[in-house]
Amino acid sequence: MLRLLQIEYIKLKNSKASKILIITYFVLLTSISLISLVKFDYSWFQLDVAKQGIFNFPYIWHFNSWFMGWFKIFLLLVVVSMVTTEYSNKTLKQNLIDGLSKKEFILSKFLTVTVFALLSTVFLFLISLIQGFMFSDITEFKLVFSDLEYLLAFFVKLVGFFSFGLFLGVLVKRSAFALGALGVWAIIESISYAVMRWQLFPKTDVYKQVSQFFPLQAISNLIEQPITRFKAVKSLAKQGNATEILNFDYAIHWYQIAIVLVWIFIFIFGAYKLILKRDL
């Protein structure tokens with residue numbers, strides 16, 4: 001396993017674009033601390049983010065894992081690139097000639113994806129811990145380390161998203177086409193969701209039950225938005241009697257993680273089968 005990771009490390013180290021994207025990704029993750037400086041002061045609306053309690057333990061695990069998830073596109077570019085360049089540079093064929101099996105090739109990519117997700121999760125943990133102790137009014141050990149299931153969801157979310165990118169990279173062999181295919185799939189999911197919600201099942205929640213099995217929707221469902229947990233938003237919701245906001249479910253559910261794990265298996269196994277069938 002270490003041998004496979006070493007091979008991928010050498011390839012990434014020699015890729016200038018990949019290094020820039022990886023550095024940019026972790027710099028952006030670090031910039032999350034700047035969110036605490038955001039303030040709005042209008043005649044009808046005042047909001048000081050740092051005073052909303054979102055950086056209090058244990059809420060910070062939810063907010064930071066959701067916010068950091070938006071930057072995963074940078075590592076997705078690295079994942080797609082490290083797969084498609086194997087075709088464009090013909091290094092895949094050379095690796096197979098040198099004794100690397102097709103199974104080991106896919107495994108090396110999946111291990112790299114997992115390492116990316118693991119490093120991101122550790123980074124999230126450290127930043128949230130530091131930020132929490134700086135701004136949180138709560139420092140009790142039991143509360144500080146509660147709600148850590150958001151870190152697990154964050155890890156699974158990244159592995160799922162990167163595995164999808166890996167599969168598309170193997171499927172279409174070109175970075176631009178792979179990213180385009182991801183965009184097209186996102187549009188297909190959105191249209192399907194809208195049709196089910198407004199046309200097929202307008203008066204039921206069947207659309208939610210069905211759409212939770214869509215790959216991108218399943219990945220997104222792992223960590224729901226935390227914005228409505230802001231004190232200011234809760235206050236406005238109470239004034240407007242917005243029960244949907246007040247009763248919003250923020251929890252991490254085991255079946256949501258299970259759905260994404262199944263998709264991860266499908267993506268990796270599908271990529272492996274494509275490699276097996278192709279004449280390289």
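This is a predicted model: local features need pLDDT of at least 70, side-chain atom pairs count only at pLDDT 80 or more; totals for chains, interfaces and linings use all residues.
1. Salt bridges overall. The model contains five salt bridges. Side chains of opposite charge can pair when their charged atoms come close. The points below take up the bridges made by Glu8, Lys11, Glu86 and Lys109, which shared partners join into one network.

2. Lys11 with Glu8. The closest N and O atoms of this salt bridge are 3.8 Å apart, which falls inside the 4 Å cut-off and so counts as a bridge. Both residues belong to helix α1 (residues 2–13), with a spacing of three residues, or about one turn of the helix. Lys11 has a relative accessible area of 25% and is partly exposed, whereas Glu8 is buried at 2%.

3. Lys109 with Glu8. Glu8 also takes part in a salt bridge with Lys109, at 2.9 Å from N to O. This pair connects distant parts of the chain, since Lys109 sits in helix α6 (residues 102–135) and Glu8 in helix α1, 101 residues apart. Lys109 has a relative accessible area of 1%, so it counts as buried, the limit being under 20%.

4. Glu86 with Lys109. Lys109 forms a further salt bridge with Glu86, where the closest N and O atoms are 2.6 Å apart. Glu86 is in helix α4 (residues 72–88) and Lys109 in helix α6, so the bridge ties together parts separated by 23 residues in sequence. Glu86 and Lys109 are both buried.

5. Reading the network. Which residues do the shared partners join into one network? They are Glu8, Lys11, Glu86 and Lys109. Glu8 is bridged to Lys11 and to Lys109, and Lys109 is in turn bridged to Glu86.

6. Geometry of α3 and α8. Two packed helices are described by the angle between their axes and the distance between the axes. For helix α3 (residues 59–69) and helix α8 (residues 149–172), the axes come within 9 Å and cross at roughly 15°. Angles under 35 degrees count as roughly parallel, and α3 and α8 are therefore roughly parallel to each other. The crossing of α3 past α8 is right-handed.

7. Contact residues of α3 and α8. On the α3 side, the contact involves Trp61, His62, Ser65, Met68 and Gly69. These meet Tyr150, Leu151 and Phe154 of α8. By class, the contact has five nonpolar residues, three polar ones and no charged ones.

Definitions and conventions: Residues are numbered from 1 along each chain as its sequence is written. Side-chain values use heavy atoms; hydrogens and water are left out. A salt bridge is a side-chain nitrogen of Lys or Arg within 4 Å of a carboxyl oxygen of Asp or Glu. Helices (H or I, at least four residues) and strands (E, at least two) are DSSP runs, numbered from the N terminus. Buried means under 20% relative accessible area, exposed over 50%, partly exposed in between (1.4 Å probe, protein chains only). Axes are lines fitted to C-alpha atoms, for helices over the stretch in contact, and angles run from 0 to 180 degrees between N-to-C directions. Angles under 35 degrees count as roughly parallel, over 145 as roughly antiparallel, 65 to 115 as roughly perpendicular and the rest as oblique. A crossing is left-handed if the near helix is turned anticlockwise from the far one by less than a right angle, and right-handed if clockwise. Contact means heavy atoms within 4.5 Å. Ala, Val, Leu, Ile, Met, Phe, Trp, Tyr, Cys and Pro count as nonpolar, Asp, Glu, Lys and Arg as charged, and the others, Gly among them, as polar.
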